Amino acid sequence: MKPSEVASLIEEKGILVVDLKFNDLPGLWQHFSIPASELTDSGSIWEDGIGFDGSSIRGFQKIQESDMILMPDPATAIVDPVTKIPTLSIICDIYDPITKQPYTRDPRYVAKKAGDYLRSEGIADAAYFGPEAEFFVLDDVRFDQTENSGYYFIDSIEGDWNTGRDEKPNLGYKPRYKEGYFPVPPHDSMQDLRSEMMLKMIDSGIGIEVHHHEVATAGQAEIDMKFDKLVTVADNLLLYKYIVKNVAKEHGKVATFMPKPVFMDNGSGMHTHQSLWTGETNLFFDKDGYALLSQLAKWYIGGLLKHAPAICAFAAPTTNSYKRLVPGYEAPVNLVYSMRNRSAAVRIPMYSENPRARRVEFRPPDPSSNPYLAFSAMLMAGIDGIKNKIDPGEPMDNVDIFELSADVANSIPQVPGSLEAALEALEKDHAFLMQGGVFTEDVIDVWIEYKKENEIDAIRLRPHPYEFYLYFDI
């Protein structure tokens, strides 16, 4: 879509407000709005952008260098699916007002450079990604942390812990722990809610394949997007989360993409399918290869497995992520690959022999990640695997890795056990990310600094409620 077409859309839909959205470094959409009259096909905003305070955005500028510029991308213009007043939503790129160059810490710019680097190396025309973002829809959430107290409380009408609650009446349909996968209503009480989310996504231009209840109790859900090019699918994932949260709120519920909100049940992952294409040819397909994979795809897997600990700093980027990445909850902690096996970090889905369907699925990511950075990190690892012909070793098929003997299991490398360990891996292993100037030193440094100061140290300094159970009577 061009600026002139945006102007026509504004007139056709009776748009009164234009909402300008962009991404902070950790991965949350930010926005502000202008009257639609301020955005015309020949207006200065398209040419000169519009200013904002970069020092007030997480991971961006210091106060003495706060002025930044947003440049609206007309190709992203859609009628906002949430607002009551007719509003046009546009995603923006971030520029430095002095140099007039793209801002190195703009996550969307990092993703654009990753695609450019792939093409410049002559490997493929495009990288396609298909994330499976899981989330919980809850009915109540409360949490607080003060100097002398700390707690959280979540609740769901579907929660198995509520089978005995007096609900006047309690109808008893509560999916049991780890038994929430695919039950029909009335056990699945959120069929219509997910359908409403899905239809809003489709109306907003997001391709959707399927929606369903997920494994955990308490309203865990999944809505699967169709695969698309890296930047487009990252744009769409943020729109997806925006729709999910707002539709839930409209129904008096709350949606969370927190990886592990429920103790002793499955967490929310974001298994990420990926493939490389030239034109209409899927470069990951080989009719004679293992699991119909080409040698190029196996090298790509080699890169993912080699750099997985560093990738996790972006793809599983919270302290809570590592409450999910533990054995026993379908968690893909083992750095091996396999067809069909969900206990491996890299799985090759075998649902179809269609060449277009051949892909690899990287399973450690979760939906707390910034998709621009997480997808870019995965792609850069895959490119490194291809360029250096990294052998992923032998696949691990026909075995539940979680059931292996201790000696065998201990010989298999695993993802980091904490955010701190993932950041240490990133500090040691980030040269592959900086190839072609895709990630820059300041992005990596600020990411590590932000995570250590605002998350790792913040959690480390605070007593945990369960510590009182363990230690108060000492």
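Predicted model: local features only at pLDDT ≥ 70, side-chain atom pairs only at ≥ 80, totals over all residues.
Biologist: Which residues touch the most other members of the largest nonpolar core?

Modeller: They are Met197, Tyr240, Leu276, Leu379 and Phe439, in a core of 120 residues. Helix 5, residues 230-250, supplies the largest share of this core, with 13 residues.

Biologist: What is Met197 in contact with, leaving aside its neighbours within four places in sequence?

Modeller: With that exclusion, the contacts of Met197 are Phe135, Val137, Ile223, Ile243, Val244, Val247 and Ala248.

Biologist: And how many residues are in the second, separate core?

Modeller: That core has six residues, including Phe136, Ala216, Ala218 and Val262.

Biologist: What span should helix 8 have, and how far apart are its end C-alpha atoms?

Modeller: Helix 8 covers residues 371-387, and at 1.5 Å a residue it should span 24 Å. Its end C-alpha atoms are 24 Å apart, so the two values agree.

Biologist: What is found at the start of helix 8?

Modeller: There, a side-chain oxygen of Asn370 comes to within 3.2 Å of the backbone nitrogen of Tyr372. As for what follows helix 8, Lys389 has a positive phi, near 50°.

Biologist: How is the packing of two helices described in general?

Modeller: One gives the angle between the axes and the distance between the axes. For helix 5 and helix 8, the axes come within 9 Å and cross at roughly 145°. The crossing of helix 5 and helix 8 is right-handed.

Biologist: Which residues make that contact between helix 5 and helix 8?

Modeller: On helix 5 they are Leu230, Val231, Val233, Ala234, Asp235, Leu237 and Leu238. On helix 8 they are Pro371, Tyr372, Phe375, Ser376 and Leu379.

Biologist: How far apart are Lys241 and Trp29 in sequence and in space?

Modeller: Lys241 and Trp29 are separated by 212 residues in sequence and by 9.5 Å in space, C-alpha to C-alpha.

Biologist: Which peptide bond has omega near 0°, and which has omega near 10°?

Modeller: The bond from Lys168 to Pro169 is cis, with omega near 0°. The bond from Pro185 to Pro186 is likewise cis, with omega near 10°. Pro169 lies in the loop between strand 9 (150-155) and helix 4 (191-203), and Pro186 is in the loop between strand 9 and helix 4.

Biologist: What is the phi of Phe182, and where is Phe182 found?

Modeller: Phe182 has a positive phi, near 75°. Phe182 is found in the loop between strand 9 and helix 4.

Biologist: And what about Lys100: is Lys100 buried or exposed?

Modeller: Lys100 is exposed, with a relative accessible area of 59%. Lys100 is not a glycine, yet its phi is positive, about 65°. Its place is the loop between strand 6 (87-95) and helix 3 (107-120).

Conventions
Residues numbered from 1 in each chain as written. Heavy atoms only, no water. Core = buried A, V, L, I, M, F, W, Y, C linked by side-chain atoms within 4.5 Å. Buried < 20%, exposed > 50% of the residue type's maximum accessible area, 1.4 Å probe, protein only. Helix = DSSP H or I, 4+ residues; strand = E, 2+ residues; numbered from the N terminus. Contact = heavy atoms within 4.5 Å. Expected span 1.5 Å × (residues − 1). Polar contact = N/O pair within 3.5 Å; in protein donor to acceptor, adjacent residues only side chain to side chain. Axes fitted to C-alpha atoms, helices over the stretch in contact; angles between N-to-C directions. Left-handed = near helix turned anticlockwise from the far one by under 90°.
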